[in-house]
Amino acid sequence: MTSPASLSIIVSGGSRGLGAAIVQQLLESGHRVATFSRNKTATVEAWESDEQLAPRFFFDQVDAQDLSAVRSYVANVQQRFGKIEALINNAAVASDYVFALQSDEQISQMLDVNLKACLVLSRECVRCMLLGDGGVIVNISSIVSLRGFSGLAVYSATKAALNGMTRALARELGERNIRVNTLAPGYLETEMSAGLAEEQRKQIIRRTPLGRLGQVEDVVPWVEFLISPEASFMTGQTITVDGGSSV
């Protein structure tokens, strides 16, 4: 791998929320960053209009449920940057419903975006990493993969699957210098948590020893650490960043 100041990185779902915060920090740190999402946001437009970022930033509108589009996107990034050295699997959708009332469509969407797209994206990036000197994969899971939350059975299942994927790939790819780790954030102040009812919000805060929801700034430094040389002996781990709510 090259120096940490010049990694070529893909961040899925980087147009808003935690994904956008990750992209912003990686760009500020001098990395080459490619991201995609189903819709372009004002944040993405700002990055695209910055002439200084033009050689180091690439965005395309891709629906993660379209696996052929995901494969093509990886090929485009490799052609543009010449290599792919790190992948941040961040894209996800959540549907907070009583399990008995969830539709087939809701279940399929979460499985497609949160798990199937993640697997295909990882496979395509691993193929690129195997041609180089190795790489790093960071899967963004969730505290709900480790601790039960009512109404999130399907979402929890997809995120728990990422934890298992991390452990298996760490064993499979370690000898090829590809590290795989997971971050499991607690509830963050993002658009995804904005739909929480006030009582739900208060209950989560009451159960969190640090007494607040997380901020994206609480998670982003861990992403930077995991792709850095300082974490070169760390793989197969799930790191919880949740203010102590899983204690």
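**Figure 1. Contacts across the whole protein chain.** Take the contacts in the protein chain between residues at least 6 apart in sequence: 71% of them join residues at least 24 apart. Contact here means heavy atoms within 4.5 Å. This is a predicted model, where local features need pLDDT of at least 70, side-chain atom pairs count only at pLDDT 80 or more, and totals for chains, interfaces and linings use all residues. Residues are numbered from 1 along each chain as its sequence is written, and side-chain values use heavy atoms, with hydrogens and water left out.

**Figure 2. The fold and its dimensions.** The protein chain has seven helices and seven strands. Helices (H or I, at least four residues) and strands (E, at least two) are DSSP runs, numbered from the N terminus. Starting at the N terminus, the elements run β-α-β-α-β-α-β-α-β-α-β-α-α-β. The C-alpha trace spans about 50 × 35 × 35 Å along its principal axes.

Figure 3. Of the 247 residues in the protein chain, 49% are buried. Buried means under 20% relative accessible area, exposed means over 50%, and partly exposed lies in between (1.4 Å probe, protein chains only). The protein chain exposes about 11,800 Å², and carbon and sulfur atoms supply 50% of it. Accessible areas come from the Shrake-Rupley method with a 1.4 Å probe; for residues, only the protein chains shown count as cover. There are 22 positive and 26 negative side chains, and the centres of the two sets lie 5 Å apart. Lys and Arg count as positive, Asp and Glu as negative; His and the chain ends are not counted. Each charge is placed at NZ of Lys, CZ of Arg, CG of Asp or CD of Glu.

**Figure 4. Asp-112 in helix H4.** Helix H4 covers residues 104-130 and holds Asp-112. Asp-112 counts as buried because its relative accessibility is 19%. Its side chain makes a polar contact of 3.4 Å with the side chain of Gln-65. A polar contact is a pair of N or O atoms within 3.5 Å; within protein, one must be able to donate a hydrogen and the other to accept it, and residues adjacent in sequence count only if both atoms are side-chain atoms. Beyond four places in sequence, Asp-112 touches Ala-64, Gln-65 and Ala-117.

**Figure 5. Thr-158 in helix H5.** Thr-158 sits in helix H5, residues 153-173. Thr-158 is buried, at 0% relative accessible area. Its side chain meets that of Asn-114 in a polar contact of 3.2 Å. Leaving aside neighbours within four places in sequence, Thr-158 is in contact with Met-110, Leu-111, Asn-114 and Leu-115. Ser-6 is 152 residues away along the chain, and its C-alpha atom is 32 Å from that of Thr-158.

**Figure 6. Around helix H5.** Ala-153 is in helix H5. Ala-153 is partly exposed, at 42%. Gln-102 is 51 residues from Ala-153 in sequence and 9.9 Å away in space, C-alpha to C-alpha. Ser-142 lies in the loop between strand E5 (135-140) and H5. Ser-142 is buried, at 7%. Not counting residues up to four places away in sequence, Ser-142 touches Tyr-155, Lys-159, Leu-183, Ala-184 and Pro-185. Asn-177 is in the loop between H5 and strand E6 (178-185). Asn-177 is partly exposed, at 42%. Asn-177 is not a glycine, yet its phi is positive, near 60°.
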